[in-house]
Amino acid sequence: MGSNTGVYNNFLGLPPEQTRFETSKVGVIQAPLENTTSFQHGTRNGPQAFLRASEQVELYDIESGLDFSKVGVTTLPAPKLEELDNVSALKIIENDVRRVVDHNLWPITLGGEHTISYAPIKVLKEKFPDLCVLQIDAHADMRETYEGSPFSHACVMKRVSDMGIKVVGVGIRNYSQDEAAIIREGRKYCAFHGHEVKDHLDAKKICKELTYNVYLTIDIDGFDPSECPGTGTPEPGGLRWYQVIDLMKQLFRDHNVVGVDINEIMPIEGDSRTEFLAAKLAYKLIGYKFFPNQTAF
């Protein structure tokens, strides 16, 4: 059980003196967008479920013996996106991300459907021209359009690729025939499929496909549904906690991770496994980012 107060409605339930925008190093952006989910629904409630679960994350990290929250973590209020189409909603999310980035805070964006990744990646591409994306996901999300929308959650990595950004997907285990052709070409999208990494995830090999500046997008369905059942499009055979942790350690050791999002959390009443795993993972990532000498072992 976490030692946090649980009354402040921010990531980790931190007291006000640790969450001031002007003195924090991390900025959490809420993006409760859900317009194009194609199976189960409820990802608009993902950011709030994530924040509630984060109040139970123990601030003392037993691997490093550190409290990562001391860097300061501010959480922006959730924008109202319910009546907006995806293009309009992405502009609002982009403004929140830009505010965080312009003040040199490290952005963590919470979805919502995976479409939300387009906004922070667009902002950070302007600052880091060599940016590439590491995608933890069950799906490639490389469709040109889906159900009539080019800004569907199933198209977000294609929109990223259209910006000239290489995408490296890990844990990928479902995509269409058209997506398969792009992946076989191997130029815009590099896939480490679920069946290829199930017995051995080679973190060094994955990281060699990346440029120095990396954006990390984590669709929670990249994890095995036994660990993360609360997601709109679960797929069997996903990644496990320590596989992802080992990859994250290698990633943060070798690269400059300029931002992260965690998306597609669909809360299940009475089962908080998914949002708690996501919150603990986000906390670990703060440690890898700001305490590299003590955590990357």
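The axes of helices α1 and α9 approach to within 8 Å and cross at roughly 70°. Angles of 65 to 115 degrees count as roughly perpendicular, and α1 and α9 are therefore roughly perpendicular to each other. On the α1 side, the contact is made by Ala49, Phe50, Ala53 and Ser54; α9 contributes Glu275, Phe276, Ala278, Ala279 and Ala282. Seven of the residues in this contact are nonpolar, one is polar and one is charged. The structure described here is a predicted model.

Helix α1 spans residues 46-54 and is mostly covered, with seven of its nine residues buried. These buried residues are Gly46, Pro47, Ala49, Phe50, Leu51, Ala53 and Ser54. Besides α9, they pack against the strands β1 (26-31), β4 (73-75), β5 (106-111) and β10 (256-263).

Helix α9 (residues 273-290) also meets helix α8 (residues 241-254); their axes come within 10 Å and cross at roughly 25°. Angles under 35 degrees count as roughly parallel, and α8 and α9 are therefore roughly parallel to each other. The crossing of these two helices, α8 and α9, is right-handed. In this contact, α8 supplies Trp241, Val244, Ile245, Met248, Lys249 and Phe252, while α9 supplies Leu277, Lys280, Leu281, Lys284, Leu285, Tyr288 and Lys289. By class, the contact of α8 with α9 comprises nine nonpolar and four charged residues, with no polar ones. An α-helix has 3.6 residues a turn, so residues three or four places apart point the same way.

Key
Residues numbered from 1 in each chain as written. Predicted model: local features only at pLDDT ≥ 70, side-chain atom pairs only at ≥ 80, totals over all residues. Heavy atoms only, no water. Axes fitted to C-alpha atoms, helices over the stretch in contact; angles between N-to-C directions. Helix = DSSP H or I, 4+ residues; strand = E, 2+ residues; numbered from the N terminus. Parallel < 35°, antiparallel > 145°, perpendicular 65-115°, else oblique. Left-handed = near helix turned anticlockwise from the far one by under 90°. Contact = heavy atoms within 4.5 Å. Nonpolar A, V, L, I, M, F, W, Y, C, P; charged D, E, K, R; others polar. Buried < 20%, exposed > 50% of the residue type's maximum accessible area, 1.4 Å probe, protein only.
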